[in-house]
Amino acid sequence: TFMRKLAERGWLGMSWPNQYGGQQKPGIYDFLLTEALSRFGAPQPGKGVGIVGKTVIRHGNETLKQFFLPKIIRGEVEFAIGYSEPGAGSDAANMQLRATRDDTRGGWVLDGQKIWTTSAHFADWYWVGARTDATGKKHDGITVFLIPMNHPGLTIQPMPTIGDEITNTVFFDNVWVHDDYRVGQLGAGFGYISEALDLERCTMFTFSPTE
């Protein structure tokens, strides 16, 4: 695939630490790669390398690091990003996808809906924010999880757009996730999402026009 070709040239995760396969170069190298690719309308590596990869490096447990980071830097995995909901578009803190603790199985059960998930119809994993606590302020109680897109209980409904692109609505019906696939601290997800959006700006958005 295209991402694997970038990986073979050593262009993925250039700013990652050496211990995770990176080159510890300044972040501007990631931006310059994105800028160069955009001139040809090529796919951008930002979801895996920037949003997921860098957040897992900073906050993920060892299970997540060992499983995902080698796949990301080799260009072997695609991610969909799940923040927006019918009542939580630009206001990510208002998300209501519910994650209920299941102590008997050591994980969480997710029920609800996401919208505008652009890559859901071809991605391998879902990077998704869910509400694990509804008792405090809306910016608190959000937790980030990683879920395989072929998980039982996930239903992907395509939403064609005017420009012939496809985005998706994703429905969660009793989707169980082991606690190992929770990213970072419980309830700290809004901070991670905000941090990831900053990383996204450097690894997905450019000044070059695309055709």
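A contact here means heavy atoms within 4.5 Å. The model is predicted: local features require pLDDT of at least 70 and side-chain atom pairs count only at pLDDT 80 or more, while totals for chains, interfaces and linings use all residues. Residues are numbered from 1 along each chain as its sequence is written, and side-chain values use heavy atoms, with hydrogens and water left out.

**Whole chain.** Select the entire chain to begin. Among contacts between residues at least 6 apart in sequence, 66% join residues at least 24 apart. The C-alpha trace spans about 45 × 45 × 30 Å along its principal axes. The radius of gyration, taken over C-alpha atoms, is compared with a globule rule of 2.2 Å times the number of residues to the power 0.38; for 211 residues a compact globule would have a value near 17 Å, and the chain, with 17 Å, agrees. Of the 211 residues, 48% are buried, where buried means under 20% relative accessible area, exposed over 50% and partly exposed in between (1.4 Å probe, protein chains only).

Next, colour by secondary structure. Five helices and eight strands are present, in the order α-α-α-α-β-β-β-β-β-β-β-β-α. These elements are DSSP runs numbered from the N terminus: helices are H or I of at least four residues, strands E of at least two.

**Helix 3.** Select residues 46-59. This helix has a kink of about 35° centred on G53; the bend at a residue is the angle between axes fitted to the seven residues ending there and the seven starting there. Eleven of its 14 residues are buried, so helix 3 is largely enclosed by the rest of the structure. G53 is itself one of the buried residues, which also include K54 and T55.

Move to residues 98-102 and 107-114. Strands 2 and 3 run antiparallel and are joined by five bridges; pairing requires at least two DSSP bridges between two strands. D102 has G107 as its bridge partner. Four residues lie between the strands, and G106 takes a positive phi near 70°.

**Aromatic rings.** Finally, select F67, F68, F79, W125 and Y181, which form one aromatic cluster. Rings of Phe, Tyr and Trp (its six-membered ring) pair if their centres lie within 6.5 Å; planes under 30 degrees apart count as stacked, over 60 as edge-to-face and the rest as tilted. The count comes to eight aromatic pairs. W125 and Y181 are stacked, at 5.7 Å centre to centre with 10° between the planes. W125 lies in strand 4 and Y181 in the loop between strand 7 and strand 8, so the pair ties together parts 56 residues apart in sequence. W125 counts as buried at 13% relative accessibility, whereas Y181, at 22%, is partly exposed.
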